Amino acid sequence: MEIYTTDSIPDSDGIVEKAWLVTEATNYRGVLDEALAGLKEKALQDGADAIIGLRIAVGQSESVGVRGQSFVAYGTAVKHKPTEGPWMDRR
């Protein structure tokens, strides 16, 4: 599955059948890769072909001298109507 920061899939003229918000967050010691992997997993479980409009929010915290970062990744999962296109085989 591909993830795009753009609001559409580049070089695609496919018709979107369904679109929905997907989000994933990490704790204060989180790793961005964990948030992105969780985002993909959620989208795939619901039948998405791709995620568009990816955005990432970063938070920083400090507790008892320990610093950490948390990540929230979100985007729009899309399911295309069955047709020819580059997104069909990218799972």
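Modeller: Start with Arg-55, which is partly exposed at a relative accessible area of 35%.

Biologist: Why is Arg-55 called partly exposed?

Modeller: Its 35% falls in between the cut-offs, as buried means under 20% relative accessible area and exposed means over 50% (1.4 Å probe, protein chains only). This is a predicted model, where local features need pLDDT of at least 70 and side-chain atom pairs count only at 80 or more, while totals for chains, interfaces and linings use all residues. Residues are numbered from 1 along each chain as its sequence is written, and side-chain values use heavy atoms, without hydrogens and water.

Biologist: What makes Asp-7 and Arg-55 a salt bridge?

Modeller: Their closest N and O atoms are 3.8 Å apart. The rule asks for a side-chain nitrogen of Lys or Arg within 4 Å of a carboxyl oxygen of Asp or Glu, so the pair counts. Asp-7 lies in the loop between strand 1 and strand 2 and Arg-55 in strand 3, so the pair ties together parts 48 residues apart in sequence. Asp-7 itself has 62% relative accessible area, so it is exposed.

Biologist: How many salt bridges pass that rule?

Modeller: The count comes to 3. Another of them joins Lys-42 and Glu-24, at 2.9 Å from N to O. This pair links distant parts of the chain: Lys-42 sits in helix 1, Glu-24 in strand 2, and they are 18 residues apart. Lys-42 is partly exposed at 36%. Glu-24 is at 19%, so it is buried.

Biologist: How do you know that Lys-79 and Asp-49 form a salt bridge?

Modeller: Their closest N and O atoms are 3.9 Å apart, and that meets the limit. Lys-79 lies in strand 4 and Asp-49 in the loop between helix 1 and strand 3, so parts 30 residues apart in sequence are tied together. Lys-79 is partly exposed at 27%, whereas Asp-49 is buried at 4%.

Biologist: What is the order of the strands in the sheet?

Modeller: The open sheet has 4 strands in the order 1-3-4-2, with mixed pairing. Strand 1 (2-3) and strand 2 (16-25) stand at the edges, because each has a single partner strand. Strands here are DSSP runs of E with at least two residues; helices are runs of H or I with at least four, and both are numbered from the N terminus.

Biologist: What makes strand 3 and strand 4 a pair?

Modeller: DSSP must find at least two bridges between two strands. Strand 3 and strand 4 have 12, in the antiparallel sense, so they pass. Val-58 has Phe-71 in strand 4 as its bridge partner, and Ile-51 stands opposite Ala-77. The two strands form a hairpin with 2 residues between them, and Val-64 in the turn has a positive phi of about 50°. Strand 2 and strand 4 also pair in the antiparallel sense, over 9 bridges. There, Ala-25 has Val-72 as its bridge partner in strand 4.

Biologist: Why is Glu-62 called exposed?

Modeller: Its relative accessible area is 51%, so it is exposed. Glu-62 is found in strand 3 (residues 50-63). Its C-alpha atom is 8.8 Å from that of Tyr-28, 34 residues apart along the chain.

Biologist: And why is Tyr-74 called partly exposed?

Modeller: Tyr-74 has a relative accessible area of 35%, so it is partly exposed. Tyr-74 belongs to strand 4 (residues 66-80).
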